Amino acid sequence: MTGLMASSDAALECLRRTVPVRRMSSESAVTVAHRPIAEPVDGDVAAGGSGSCALDSHGGLLRGGVPLSSDRDMPPCMWELIITGCGTSHGNPPWGYPERWSTDPRDFRRRAGGMLKGPGGEVVLIDVGPDLGAQLRDPYRDWDGRSYPSRCITRTDGVLLTHDHADHCHGINELRQLNRLMDGAGIPIFGLSSHLDALRSTFGYCFSGGNGAYSRSSPALSTVSVMPGQPFSVAGLTITAVTMSHGTAGITAGFRINDVAWLTDLKSIDPVGLPALKGLDLLVLDMLREEEHPTHLCWAEAEALIAQLAPRRTILTHMGYQCRYAAWEERLPDGVVMAFDGMTAQFSG
Ligand SMILES: [Zn+2]
Ligand SMILES: [Zn+2]
């Protein structure tokens with residue numbers, strides 16, 4: 001988006017005025033920090049204004065609050081979840097359709113992905129979509145596009161793969177830079193065996209050497225097959241995969257990570273996995289648009305699943321261009337917010 005916005009003086013000015021904010025609740029463990037990537041070009045939403053919100057300890061939306069400067073404020077032992085991309089497979093808004101464009105930076109969405117950052121420098125990636133390079137360089141989407149991106153990602157403990165669709169794995173080659181920065185150390189990718197088989201088939205060169213066999217021309221990756229319902233550990237996090245139906249597009253893996261769940265690209269959840277999704281602090285949930293879709297949750301379906309799982313907080317992601325942030329901000333119920341790229345939320349490690 002930075003490149004797009006940098007195409008005009010107005011957009012550059014918008015970037016300069018970007019002020020990272022954090023909305024703090026009285027109970028930091030349930031804080032959702034919404035860090036606007038920039039103010040809308042029309043200036044309707046000031047940093048610290050209605051474009052930011054947080055959930056209080058009762059799951060209600062807080063509006064207003066104290067702008068703080070950085071994640072240095074995060075309590076020790078807390079992890080941070082970053083929404084590095086919240087768009088659907090095309091990203092949005094789509095070019096070639098002027099009527100579908102939006103000037104609100106919160107509607108500029110990279111392909112869906114996330115990142116978990118731990119207090120000891122741990123980094124776990126969720127999916128490696130086509131925008132991964134930009135997401136690693138500028139995870140919070142607050143980079144000015146010219147100075148050194150000081151919040152870039154230079155290492156990872158591993159990747160959680162939801163499935164092998166292009167918008168979730170076609171940035172796999174970008175992991176090569178992390179191999180390089182980690183002195184050639186390999187990177188494990190955790191997922192369901194069918195998705196890992198597809199990765200190895202499509203991107204065989206990334207797995208030819210396995211861990212420790214990094215070369216300048218290809219990444220050094222390995223795969224770790226996980227069984228639904230059987231907890232495993234990455235970087236000290238306890239993670240459980242659940243199997244989900246992607247409608248007519250096959251199956252996907254959802255992940256419970258401590259008390260956080262990441263569920264994208266689904267129409268329904270295997271009932272066997274439902275007990276693993278109870279008692280959530282935070283749910284990140286697929287919600288493509290208002291209208292029904294054969295492979296993704298629409299709003300009515302997402303709303304029903306939220307009611308069923310009853311998490312304390314929910315962030316909607318993987319949205320289509322139809323979902324204008326400003327409009328949805330007004331209509332979503334307490335405890336539910338729409339993601340934007342660079343949004344962060346804290347959770348217990
Ligand atoms: Zn997708
Ligand atoms: Zn998909």
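Which residues does Pro188 touch, not counting residues up to four places away in sequence? I shall begin with that question and then widen the view. The model before us is a predicted one. In it, Pro188 touches Gly158, Ser222 and Val224 once residues up to four places away in sequence are set aside.

Pro188 belongs to strand β8, which spans residues 187-191. Is this residue buried, exposed or partly exposed? Pro188 counts as partly exposed because it has 15 C-beta neighbours inside 10 Å, whereas a buried residue would need 20 or more. One further distance concerns Pro188: its C-alpha lies 9.7 Å from that of Val234, although the two are 46 residues apart in sequence.

Let me turn to helix α6, residues 193-202. Three of its residues, His195, Leu196 and Leu199, are buried. These three lie on the same side of α6, because they cover an arc of only 100 degrees around the axis. As a general point, an α-helix has 3.6 residues a turn, so residues three or four places apart point the same way. On the other side of α6, Ser193 and Ser201 are exposed.

I now come to the largest nonpolar core, which has 74 residues. Within this core, Ala261 and Leu316 touch the most other members. Strand β11, residues 237-245, supplies the largest share of the core, namely five residues. As for Ala261, leaving aside its neighbours within four places in sequence, its contacts are Gly254, Phe255, Arg256, Leu277, Leu280, Leu283 and Val284.

Now for the protein as a whole. The chain has 349 residues, of which 46% count as buried. Its secondary structure comprises eight helices and 18 strands. Among contacts with a separation of 6 or more, 64% join residues 24 or more positions apart.

Finally, a word on confidence. The mean pLDDT of the protein is 82, and 77% of its residues reach 70 or more. Over residues 1-71, however, the pLDDT is below 50. Where pLDDT is low, the predicted coordinates should not be read in detail.

How values were computed
Residues numbered from 1 in each chain as written. Chains lettered and ligands numbered in written order. Predicted model: local features only at pLDDT ≥ 70, side-chain atom pairs only at ≥ 80, totals over all residues. pLDDT = per-residue confidence, 0-100. Contact = placed C-beta atoms within 7 Å. Core = buried A, V, L, I, M, F, W, Y, C linked by C-beta atoms within 7 Å. Buried ≥ 20, exposed ≤ 12 C-beta atoms within 10 Å, placed from the backbone. Helix = DSSP H or I, 4+ residues; strand = E, 2+ residues; numbered from the N terminus. Arc of directions from axis to C-beta.
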